[in-house]
Amino acid sequence: MTKARIDVRFAALKAENRAAFVAYIMAGDPDYDRGLEILKGLPAAGADLIEVGFPFSDPMAEGPPIQRAALRALDSGMTLSKTLAMIAEFRKGDQTTPIILMGYANPLVNRGFVAFAQDAAAAGADGLIVVDIPPEEADPLADALDAENLSLLLLSTPTSDDARLKVIARRTSGFAYYVSVAGVTGVKEADAAAVAPHVARVRAAGGLPVCVGFGIKTPERAEAVARVADGVVVGSALVEEIAASLAMNETVTTRVLSKVESLAKAVRLARVASPTV
Amino acid sequence: MNAPSAKPNDYAAYPDANGRFGDYGGRYVPETLMPLVHELDAAYSAAKADPAFQAELSGLLTHYVGRPSPLYLAERLTEHFGGAKIYLKREELNHTGSHKINNCIGQILLARRMGKTRIIAETGAGQHGVASATVCAKYGLPCVVYMGAVDVERQKPNVFRMNLLGARVEAVTSGSATLKDAMNEALRDWVTNVHDTYYLIGTAAGMHPYPAMVRDFQSVIGLETKAQVMEAEGRLPDAVVACVGGGSNAIGMFHPFLNDESVKLIGVEAAGEGMETGRHAAAINGGRPGVLHGNMTYLLQDPEGQITEAHSISAGLDYPGIGPEHSWLHDVGRATYLTATDLESLDAFKLLAELEGILPAIESAHAIARLGDVARDVGKDGIVVLNLSGRGDKDVATVAAHLGMAI
């Protein structure tokens, strides 16, 4: 499993000639029970892969939506241990959808990389993205994850030159994550035309499928990016649905999953609607 | 992890090429910033080795900042404590009223050299914000200062000063709305405007090369002190004392003395309402190693690795971390880190005002609060230098409030 689960999923997507829809949620947002309910509902709503954020008090690369999601999760008592417990619970009913953990270094440093990797593998996670660990600091973490056959996904960005992309690729497995805008999550909007050449650069550097995230909010934008990338990641727009449904006293799960359905549908239709790409 | 007690042959040789002081430091930043961090490292190394850069810096320190700052023998304070002879290194007499300007002059020259056209900074007490706004005004560069909303409220005079100097002050309401949140917001700005923006970090923390660079620019404090004590006393001091938040004034004082092992290096952290209450800002005395704002260092954090809020009467010390070099100096035993509470610092504030006619910054007052202990420990034949890092005019409203007085 683990790395294999990501590889199997991308092989299947390639056979279907469609891009992956990758849904990001913050574990424990708005609380453990509803967070788990959302997580369990994501595959049926169209999420091909899932990124599960684990909250951190000082998320320096997040825009306001994910900052607020982290605060909601922390206020509900969410921890890294409970995040892993949530994934273990999800795995009881789903053995195929890859789960990528995403967060910041300190909760992992606090737990110890080796202990974290063992616990994450046991819970059924497949990979990890750490926003504030660049390639320069990645080796101890990458070694710990390798030992458990978990993928480390180092981020590529508009400021990464080709030499850095090669360094990033050396310690990245599963898929490559391209951050489409220089900035924090959920603020600037990604431009599919501008992203395309970067996706090609990233793919050339590592040969892995390339998913694009940071700045994709609407089905239209998701569809456009799905024509040029192997996957589309949406996060801030989903956690904003949670915020909105809480504010309006709606059922959180229904509202989030309905947003996931519309985004996933747009991604699925992208290459059907535009077969020449 | 390395053996924490491993004692280096040359304390001044750090950080290594990866920005490490032992286990501490490093470059824990998002990939978007990483190329710029390398560019900054290269630009700083080149500037440091360039005599023209050093000459320009030196000229500005003399004619704009007013250096060297005096080393003043505090006779009544010496008599009061009844121990070692006490000297004050008068950094509060610098232009803008604190040591912060030393670093800002250096970094603004570097920013210009790198062709950056927009400056951002974070500030706690507002001293670094004022110093940043000052150098930006001098060079005609736009300046945005991120400041926690709580600090904006308790340091209004400095907010007004920054505005007068043409800077925009952004009140940060996220998190605890203090210095750490201001730094988060400054980092978010930097990652968004990476192409034209220079981040002027005010303390010896953050990602490499900042801890080393800020230390170098602040080392003028210790270098002058060394020469001034030699001239006055014909020998080195027995101890130097400084307050520590992020730790820029302390490392600036300590660094030139690192290999003079007869000189005790004493930092004083903010104990807030008391170490036992948990409401303090003492990263070394009350925290453990972790990663925040680009570096591995001692941090206040909960058992799950969430950063906890710092508490201090002093906005400038109200930060849950400390510069990585201090973490290392603590682990290897070269420096000692004590604490002082809010109340002890208020008493020290009044003491210096009454005995020497000097209002210290409430930050510096933390160091004064431990000065008697250090002076008595060193003994009557000894010499102690205290780094008086800032002046206290900005703090009179805070002090009045704690004394139950209205101004």
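In the predicted model, Thr123(B) stands opposite Met147(B) of strand β6(B). This position belongs to the pairing of strand β5 (residues 118–123) of chain B with β6(B), which is parallel and runs over 5 bridges. Together with helix α5 (residues 127–139) of chain B, the strands β5(B) and β6(B) form a right-handed β-α-β unit. Strand β6(B) also pairs in the parallel sense with strand β7 (residues 168–172) of chain B, again over 5 bridges. In that pairing, Tyr146(B) stands opposite Glu170(B) of β7(B).

Strand β6 (residues 143–148) of chain B is mostly covered, with 6 of its 6 residues buried. In a regular strand, side chains alternate between the two faces of the sheet. Both faces of β6(B) are covered: Cys143(B), Val145(B) and Met147(B) are buried on one side, and Val144(B), Tyr146(B) and Gly148(B) on the other.

Elsewhere in chain B, Ile86(B) is part of strand β4 (residues 85–90). Ile86(B) counts as buried because it has 29 C-beta neighbours inside 10 Å, the cut-off for a buried residue being 20 or more. Apart from neighbours within four places in sequence, the contacts of Ile86(B) are Ala74(B), Leu77(B), Thr78(B), Phe81(B), Leu371(B), Ala375(B), Val384(B) and Leu386(B). A distance of 36 Å separates the C-alpha atoms of Ile86(B) and Ala182(B), which are 96 residues apart along the chain.

Between the chains, 26 residues of chain B are in contact with 32 residues of chain A. On the chain B side, two or more residues each are given by β2 (24–28), α1 (34–48), α8 (179–192) and β11 (288–292). The largest share of this side, 6 residues, comes from α8(B). By type, the residues on the chain B side comprise 11 nonpolar, 10 polar and 5 charged.

The largest nonpolar core holds 237 residues, of which Ala23(A), Val212(A), Val225(A), Ala229(A), Val232(A) and Val241(B) touch the most other members. Helix α12 (residues 252–273) of chain A provides the largest share of this core, 9 residues. Beyond its neighbours within four places in sequence, Ala229(A) is in contact with Ala19(A), Val195(A), Val199(A), Val210(A), Cys211(A) and Val212(A).

In chain A, helix α6 (residues 113–123) has Phe116(A), Ala117(A) and Ala120(A) buried. Viewed down the axis of α6(A), the buried residues fall within an arc of 100° and therefore line one face of the helix. The elements covering them include α4 (80–91), β3 (99–103), α5 (105–111), β4 (127–130) and α7 (139–147) of chain A. Just after α6(A), Gly124(A) adopts a positive phi of about 100°.

Technical notes. Residues numbered from 1 in each chain as written. Chains lettered and ligands numbered in written order. Predicted model: local features only at pLDDT ≥ 70, side-chain atom pairs only at ≥ 80, totals over all residues. Core = buried A, V, L, I, M, F, W, Y, C linked by C-beta atoms within 7 Å. Buried ≥ 20, exposed ≤ 12 C-beta atoms within 10 Å, placed from the backbone. Helix = DSSP H or I, 4+ residues; strand = E, 2+ residues; numbered from the N terminus. Contact = placed C-beta atoms within 7 Å. Nonpolar A, V, L, I, M, F, W, Y, C, P; charged D, E, K, R; others polar. Arc of directions from axis to C-beta. Pairing = 2+ DSSP bridges. Right-handed = clockwise from strand over helix to strand, strands pointing away.
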